Amino acid sequence: MNEIRLPVYLDYNATTPVATEVLDAIIPYFREQYGNPSSSHSYGKAAKQGLDQAREQLADLLGAEPTELIFTGCATESNNLALFGMAGTAPVQKRHLIISAIEHPSVMQPVLQLQREGWEVTFAEVDQQGRIDLELFRQSLRPDTAFVSIMHANNEIGTIQPIHEISKLTRDMDIPLHVDGAQSVGKISVNVMDLGVDLLSIAGHKFYAPKGVGALYIRKGARVCPLTFGASHERGMRPGTENMALIAGLGAAAYLAKQRLKSDNLIMKLRDRFHSLLSSSIPGLTLNGHPSERLPNTLNVSFPETDANQLLRVIEGDVAASLGAACHSGGHTASDVLVAIKATQDQMAGAVRFSLGEPTTETEILHAAQAIIAGWQMLRRCSSSA
């Protein structure tokens, strides 16, 4: 058996390691190519060339025009820029917006702030697999709806939303559509033209770029106002000298992602193998999320009659996983996503998210499954003898 690093890392939806090729693209901008891309001398021109290349690489991954991309510090910033930026340009008679009930906090919290400021918000319901009901969504669209924001893929259960169908409904009513693509970009094909979106947020550290860099796609012609003011960097939408090292890394990660997406997805096979191993030894194991319309790397399952916190503590030397979103505050409250899909109390108590990545091996999956099964069985024995 090949040697593995313990604990086995199965939390790639929280963050990914920086790919070797990405790090190679980053390092020169800390040393030789340290110029400001706004400077007119040779150092600045070299940096500007790197900036343009990264924008082109990301645009190529998304099927966008390079001029439609704004580099940011993270997906949270991108989401805030999109939401408050659209709100700031909305006609005064339009003060209604729609989001799904299972949005990430970086969408949910800005929207709740808009609600406090007088906006009316509709939280689109999802079914028990986490998918938006298109008919109910259609009925929620109104003449005073200023914009809609729906995540592409859920960070906890991995369910993928029918964005193409949603965009048809919003475009029929000339309503801008923003999509949080933090979890989908780099894992599945994301083409902004095919999806029909007006804005889309990107997180670098979810697909092997470093933390601290993201982007926002803004369709040509879409109206968004800036949140910060200064010079004309990033078309004036995100003033401040660009972080060239991390942007170069994001570009390299986008290039890598496009190459990987061309090949067969081995991650899904590993994920399903992992699920099969767990299910065969744990009667009553429940899948949370859609069985097929789901991120290929994501497995959220509920262990029967088990406290997920206890299970993670028992296996922490062997497996690194999470209860759900790493961005949520601490505590033992029920996941909003699991509440939205109407999970039972037992399901919510025993839910664990496992997310695989490019480095994940079958040897790691086998070790993780054995450790999890043993940990669950030990907790069941302790519970029975108590």
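Asp174 sits in the loop between α6 and β6, where helices (H or I, at least four residues) and strands (E, at least two) are DSSP runs numbered from the N terminus. The model is predicted, so local features need pLDDT of at least 70 and side-chain atom pairs count only at pLDDT 80 or more, while totals for chains, interfaces and linings use all residues. Residues are numbered from 1 along each chain as its sequence is written, and side-chain values use heavy atoms, with hydrogens and water left out.

Asp174 is exposed, with a relative accessible area of 67%; buried means under 20% relative accessible area, exposed over 50%, and partly exposed in between, with a 1.4 Å probe and protein chains only. Most residues other than glycine have a negative phi, and most peptide bonds are trans. Glu234 belongs to the loop between β8 and α8 and is buried, with a relative accessible area of 6%. A cis peptide bond, with omega of about -5°, joins Leu6 and Pro7. Pro7 lies in the segment before β1.

Helix α6 itself spans residues 163-172, and its buried residues are Ile163, Ile166, Ser167 and Thr170. They cover an arc of only 100° around the axis, so they are on the same side of α6; the arc is that of the directions from the helix axis to the C-beta atoms. The elements that cover these buried residues include α5 (134-140), β5 (145-149), β6 (177-180) and α7 (192-195), with contact meaning heavy atoms within 4.5 Å.

Ala308, Asn309, Leu311, Leu312 and Ile315 are buried in α10. Seen down the helix axis, the buried residues of α10 fall within an arc of 165°, so they line one face of the helix. They pack against β11 (319-320), α12 (345-349), β12 (351-355) and α13 (362-385).

In soluble globular proteins, nonpolar side chains tend to be buried together. A nonpolar core is here a set of buried Ala, Val, Leu, Ile, Met, Phe, Trp, Tyr and Cys residues joined through side-chain atoms within 4.5 Å. The largest such core has 66 residues, and those with the most contacts inside it are Leu58, Leu62, Phe137, Val197, Leu200 and Phe207. Helix α8 (residues 244-261) gives the most to this core, with eleven residues. Apart from this core lies another, of 29 residues, among them Leu270, Val319, Leu356 and Ile372. Leaving out residues up to four places away in sequence, Leu200 touches Leu62, His178, Val179, Gly181, Val185, Val190, Val192, Ala215, Leu216 and Tyr217.

Leu114 lies in helix α4 (residues 105-116) and counts as buried, at 2% relative accessibility. Beyond its neighbours within four places in sequence, Leu114 is in contact with Leu83, Phe84, Ala87, Leu97, Trp119 and Phe147. Asp11, in the loop between β1 (8-9) and α1 (20-26), is also buried, with a relative accessible area of 11%. Not counting residues up to four places away in sequence, Asp11 touches Ala320, Ala321, Ser322, Arg353 and Ser355. Arg219 is found in the loop between β8 (214-218) and α8 and is partly exposed, with a relative accessible area of 27%. With residues up to four places away in sequence again not counted, Arg219 touches Glu68, Arg171, Val197 and Asp198. The C-alpha atoms of Arg219 and Pro239, 20 residues apart along the chain, are separated by 19 Å.

The last feature is a pocket. On a 1 Å grid over the protein atoms alone, a pocket is an open set of points where a 1.4 Å probe fits, with protein on both sides within 12 Å along at least five of seven lines, and lining residues have an atom within 4 Å of a point. The second largest pocket has a volume of about 530 Å³, this being the space filled by probe spheres set on the points, which are joined across faces, edges and corners. Of the 31 residues that line this pocket, Gly186, Lys187, Arg260, Leu261 and Glu358 are the closest to its centre. Helices α2 (42-62), α8 and α9 (266-281) each supply at least two residues of the lining, and the largest share, six residues, comes from α8. By class, the lining has 15 nonpolar, nine polar and seven charged residues; Ala, Val, Leu, Ile, Met, Phe, Trp, Tyr, Cys and Pro count as nonpolar, Asp, Glu, Lys and Arg as charged, and the others, Gly among them, as polar.
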